[in-house]
Amino acid sequence: MSSQTDVQTTISNLYDTILILDFGSQYSHLITRRIRETGVYCELFPCTQKIKDLDFKPKGVVLSGSPYSIHEEGAPHVDPAVFDLGVPVIGICYGLQEISRVKGGNTSGISRKSEYGFAELKVIKLDNIPHANKLFDGIEEITQVWMSHGDHLDSLPQDFEIIGATETSDYAAIVHKKEPIFGIQFHPEVTHTLKGKKLLENFAINICGCKSSWTMGSFVDKEIERIRAVVGENGSVVGAVSGGVDSTVAAVLMKRAIGDRFHAVLVDNGVMRMNECQLVKETLGTQLGINLRVVDASELFLGRLANVTDPERKRKIIGNTFIDVFEKEAHKIDEECIHKGVGKIDFLLQGTLYPDVIESISFKGPSATIKSHHNVGGLLENMRLSLIEPLRELFKDEVRALGTILGISDDLVWRHPFPGPGIAIRVLGEVTPAQVKIARHADFIYIEEIKKANLYREISQAYAALLPIRSVGVMGDTRTYEQVIALRAVTTTDFMTADWYDFPVSVLKRISSRILNEVEGVNRVVYDVSSKPPSTIEWE
Ligand SMILES: Nc1ncnc2c1ncn2[C@@H]1O[C@H](COP(=O)(O)OP(=O)(O)OP(=O)(O)O)[C@@H](O)[C@H]1O
Ligand SMILES: O=c1[nH]c(=O)c2[nH+]cn([C@@H]3O[C@H](COP(=O)(O)O)[C@@H](O)[C@H]3O)c2[nH]1
Ligand SMILES: NC(=O)CC[C@H](N)C(=O)O
Ligand SMILES: [Mg+2]
């Protein structure tokens, strides 16, 4: 009973769950987000999912949009068994077209006509069909929606009626006469559709009858029980913690579930932030009572990084060294466990979040690798441990809410993410102890000033990078020839795209002045005004 599948199965059985079938739309994950926001649990599966292979019974099904045209060769199709489940179904855009094809026998009625952008939807009430009016319950008769399609319905599928139209789409929303099956041409999951969330809530709660019970408060107890059931009375778990939000929340959950049978390991890789290891030791170890050991491997890491300048090689070296150090430590812990007569370590805790899961189950397959981000990904292959990932169903904001409920301080819960390879990918070029020291010091000042100005929570991520180029300056009447600090600050919700943060000039002035005065080896500070894309958040 140790596999992650077992653990995952239960969660959809513990909560009323909406099944979202992903046909590859760029917005599929947003459907998941929006429904979760209404307090209803939902999970995204690839559209190829066979209903008979599901290990839970959904209360309703959403068919997402798709980049495919329904007539295209190789276009994905839904398992028709979806319609035998006896639960409500809603199709969004491509999903509407799929419903029209399968339920309405209507393929010739789908033709090319593209529409992109805002439209006004006129809601049509149908009092003779009891379920028809529930979808737009509480939504104005005329409401703004967002369209993004190349095909549209130009005839009504058999047994369907119209419940919404726009100037260009006569069939912008349809409903089956007898069954609770709906199709909408617009996208309720994007915020441009003003009442989109209300519509999804109507579907999940009013139509499917889901309870709005997905709260982090209810998740805590259930999750702790799940962990206990999986680990057993005597099992031990090891986990790498970084002081980042994800691993901290996962660690606290483990601690609550199994106490000191959870062994946390923090690896000092020599490229952590200023005072980071000390801080994590105090907060996780002392305040939160987690059984934590800090392994100082900074010399090993910095030794292996000597003379390396390529960003991806830096990541690989750090990732591999991390595995070496962690494995050695896990082995030591194992021996200690045997010595004490408690269970050996059978499990490895990881702080995987739902966006990573979504990425890996994507029907289109994982997207192109821009940077190799997964610094612990290689662990399992070499270890005999089973994986425990208590956060694998959660989005970052859910993890933060969970952290607060678990009593983790705001300072920690709202920390900006920090990449595993740390300052090594923020010191451009070769990573030497001297370079790390400069970058670390500048970063410390930068973050301190951001916090003083009360802007930390407004910014999603901020850091200082050290550019290995020199420029001329003048200090105390003397010529200087020193390096450059680049300040980066972005706002983003998902870290996939990001805008640079529009700092008040007075704050930038103070930061720049402090760095130039206090950090040795720097005579110039620049602010990075690049959005992602085309840039990325980290410089390497
Ligand atoms: N220095 C470290 N020591 C031990 N484990 C680490 C270290 N750095 C990273 N890890 C492990 O790698 C995982 C991935 O790191 P990542 O930065 O994505 O997550 P995080 O640090 O937990 O949270 P955040 O995204 O907020 O920084 C961490 O959850 C942790 O398990
Ligand atoms: O754990 C990590 N290991 C990495 O190698 C890594 N590279 C980037 N990041 C973080 O990912 C987010 C997006 O960063 P980019 O725009 O630079 O790709 C940002 O939050 C980055 O900090 C990493 N995290
Ligand atoms: N957003 C969508 O689902 C679009 C569906 C399909 N590709 C179309 O163009 O109509
Ligand atoms: Mg981190």
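Analyst: Two strands are taken to pair if DSSP finds at least two bridges between them. The model is predicted, and in it strand 11, residues 262-268, pairs with strand 12 in the parallel sense over 5 bridges. Within this pairing, A264 stands opposite L292 of strand 12, and D268 has D296 in strand 12 as its bridge partner.

Both strands belong to an open sheet of 5 strands with parallel pairing, in the order 12-11-10-13-14. Its edges are strand 12 (292-296) and strand 14 (386-388), each of which pairs on one side only. From one strand to the next, the twist averages 30 degrees. Helix 7, residues 276-287, packs on the sheet and touches both strand 11 and strand 12; the direction of helix 7 makes about 170 degrees with that of strand 12. Together, strand 11, helix 7 and strand 12 form a β-α-β unit that is right-handed.

Ligand 1 is surrounded by 17 residues, of which A240, S242, S247, V267 and F418 are the closest. A polar side-chain atom of S242 lies 2.4 Å from an oxygen atom of ligand 1. For S247, a polar backbone atom is 2.8 Å from an oxygen atom of the ligand. At V267, a backbone N or O atom lies 2.8 Å from a nitrogen atom of ligand 1. Of the 580 Å² of accessible area that ligand 1 has on its own, the protein covers 87%. Helix 6 (245-258) and strand 11 are the elements that give two or more residues to the shell around ligand 1.

Terms used. Residues are numbered from 1 along each chain as its sequence is written. Chains are lettered from A and ligands numbered from 1 in the order in which they are written. This is a predicted model: local features need pLDDT of at least 70, side-chain atom pairs count only at pLDDT 80 or more; totals for chains, interfaces and linings use all residues. Side-chain values use heavy atoms; hydrogens and water are left out. Helices (H or I, at least four residues) and strands (E, at least two) are DSSP runs, numbered from the N terminus. Axes are lines fitted to C-alpha atoms, for helices over the stretch in contact, and angles run from 0 to 180 degrees between N-to-C directions. Contact means heavy atoms within 4.5 Å. A crossover is right-handed if, with the strands pointing away from the viewer, the path from the first strand over the helix to the second runs clockwise. A residue is near a molecule or strand if one of its heavy atoms lies within 4 Å of it. A polar contact is a pair of N or O atoms within 3.5 Å; within protein, one must be able to donate a hydrogen and the other to accept it, and residues adjacent in sequence count only if both atoms are side-chain atoms. Accessible areas come from the Shrake-Rupley method with a 1.4 Å probe; for residues, only the protein chains shown count as cover.
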